[in-house]
2 protein chains.
Amino acid sequence: MGAKTSKTRSMLLDAAEELMRENGYAAVTSRKLAAKAGLKPQLVHYYFRTMDDLFVALFQRVGEFLLRRQEQVLQSEHPLRAIWELSNNPTGVVLSYEFVALANHRKAIRSEIAEFGERFRKNQAKILRTAMERSGIDTKAWPPSAVAAILELVARGLGLEDALEISGGHRELRKLVDRLIEELGG
Amino acid sequence: MGAKTSKTRSMLLDAAEELMRENGYAAVTSRKLAAKAGLKPQLVHYYFRTMDDLFVALFQRVGEFLLRRQEQVLQSEHPLRAIWELSNNPTGVVLSYEFVALANHRKAIRSEIAEFGERFRKNQAKILRTAMERSGIDTKAWPPSAVAAILELVARGLGLEDALEISGGHRELRKLVDRLIEELGG
DNA sequence: GTCTATACTTCGATAGAC
DNA sequence: GTCTATCGAAGTATAGAC
């Protein structure tokens, strides 16, 4: 079993991330992966016992990256807008839905995603509560955890529809969100 | 190439739908499909030239079903609640995200989904506009197409998170949605 | 019109060489 | 610690029998 610090290992994760984004999780096979990284297929199994292990390792890497980005949001001048843009980013959205599809039938991935999702949501709610109290919004009528969920789900959903080339209502929706963020954060 | 009316053909589609729901799109292979339906793998290719053709046929079947359900919503006593429940339904949500993942890298599926998505969104917006005007909501400040998008994205996102066993903010969110639907539709 | 025998490609994973 | 030779199972698809 290869070392976690190995350069080769992180090259494999890079290739896996790219393949997954471009061609979906089903395209992440030991052979295609190795071809992309210029390595032999068997090496994949040296660094990751099973393909599931590889997916879990990749998800953890992505998850840690997102949590670091989220901490930067806390220090941002416009936290609400930063939250929105973090979840709306199109390349991130496509990758995240690949993991979701994987999670639908692989328990190891599902529990990773669930754990990350709860943590991420909790942080968002905390950031939101501060911003809302500062703006004098009634946090009883609009619980920050619920608003955080709406904000994230809409941002991600919109990004996904962009990737799928669905655009109905998007112009109006973006304008509406802009206005609401302005009201909440201004 | 087999007849579209064939009993065997629709059995294959049934099995494909079930497999996709339970084990994800990658589990829909000619062999597994045939095993589930008690048939020979080669039969899959008799009724559907390629696996992509099968996915497209299945999506069209599901899409037509949903559009029929949507028409019933029009005649419902509580259209807003009916819209919400149509998109929030957990078994439907899981299947729909499998198709989304497929669409990320198969053009034939993507254009099917895009076409369906636009049609569905447009219908929702029409239902919503009627309901909102009846309740005296300002449809300039709240464009029905944007509200339709929010409603659908949140409903589907919430259903998805339920399937993934993420629950942060859900209780508060459902309560909030209940209240808003009440205000809009009461 | 319906189904099967068969080809041949690609898969994950292990056992063992360096 | 790093990488390779190799295996058996599973994948799609076609050519041809009934």
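**Figure 1. Packing of helices α4 and α5 in chain A of a predicted model.** Helix α4 (residues 51–75) of chain A packs against helix α5 (residues 79–88) of chain A at an angle of about 160°, and their axes are 9 Å apart. That angle makes α4(A) roughly antiparallel to α5(A). Angles under 35 degrees count as roughly parallel, over 145 as roughly antiparallel, 65 to 115 as roughly perpendicular and the rest as oblique. Axes are lines fitted to C-alpha atoms, for helices over the stretch in contact, and angles run from 0 to 180 degrees between N-to-C directions. Helices (H or I, at least four residues) and strands (E, at least two) are DSSP runs, numbered from the N terminus. This is a predicted model, in which local features need pLDDT of at least 70 and side-chain atom pairs count only at pLDDT 80 or more, while totals for chains, interfaces and linings use all residues. Residues are numbered from 1 along each chain as its sequence is written, chains are lettered from A and ligands numbered from 1 in the order in which they are written, and side-chain values use heavy atoms, with hydrogens and water left out.

**Figure 2. Residues joining α4(A) and α5(A).** From α4(A), the residues L66(A), R69(A), Q70(A) and V73(A) meet P79(A), A82(A), I83(A) and L86(A) of α5(A); contact means heavy atoms within 4.5 Å. This contact comprises 6 nonpolar, 1 polar and 1 charged residues. Ala, Val, Leu, Ile, Met, Phe, Trp, Tyr, Cys and Pro count as nonpolar, Asp, Glu, Lys and Arg as charged, and the others, Gly among them, as polar.

**Figure 3. Helices α4 and α5 in chain B.** In chain B, helix α4 (residues 51–74) and helix α5 (residues 79–88) pack at an angle of about 160°, their axes being 9 Å apart. The helices α4(B) and α5(B) are therefore roughly antiparallel to each other. Here L66(B), R69(B), Q70(B) and V73(B) of α4(B) meet P79(B), A82(B), I83(B) and L86(B) of α5(B). The residues of this contact divide into 6 nonpolar, 1 polar and 1 charged.

**Figure 4. The crossing of α8(A) and α8(B).** The axes of helix α8 (residues 144–163) of chain A and α8(B) come within 9 Å and cross at roughly 105°. This makes α8(A) roughly perpendicular to α8(B). Residues I150(A), L153(A), V154(A), G157(A), L158(A) and E161(A) meet I150(B), L153(B), V154(B), G157(B), L158(B) and E161(B).

**Figure 5. The interface of chain B and chain A.** The contact takes 45 residues from chain B and 45 residues from chain A. Together the chains bury about 3,800 Å², with 64% of it on carbon and sulfur atoms; buried area is the accessible area (1.4 Å probe) that two parts lose on being put together, summed over both. In chain B, N104(B), L153(B) and L164(B) lose the most area to chain A, together 15% of what that side buries.

**Figure 6. Salt bridges between the chains.** Side chains of opposite charge can pair when their charged atoms come close. A salt bridge is a side-chain nitrogen of Lys or Arg within 4 Å of a carboxyl oxygen of Asp or Glu, and 4 are found across the interface of chain B and chain A. E161(A) pairs with R121(B) in a salt bridge whose closest N and O atoms are 2.7 Å apart. R110(A) forms a salt bridge with E165(B), where the closest N and O atoms are 3.3 Å apart. Because R110(A) lies in helix α7 (residues 107–134) of chain A and E165(B) in the loop between α8 (144–163) and α9 (170–185) of chain B, the pair joins two chains.
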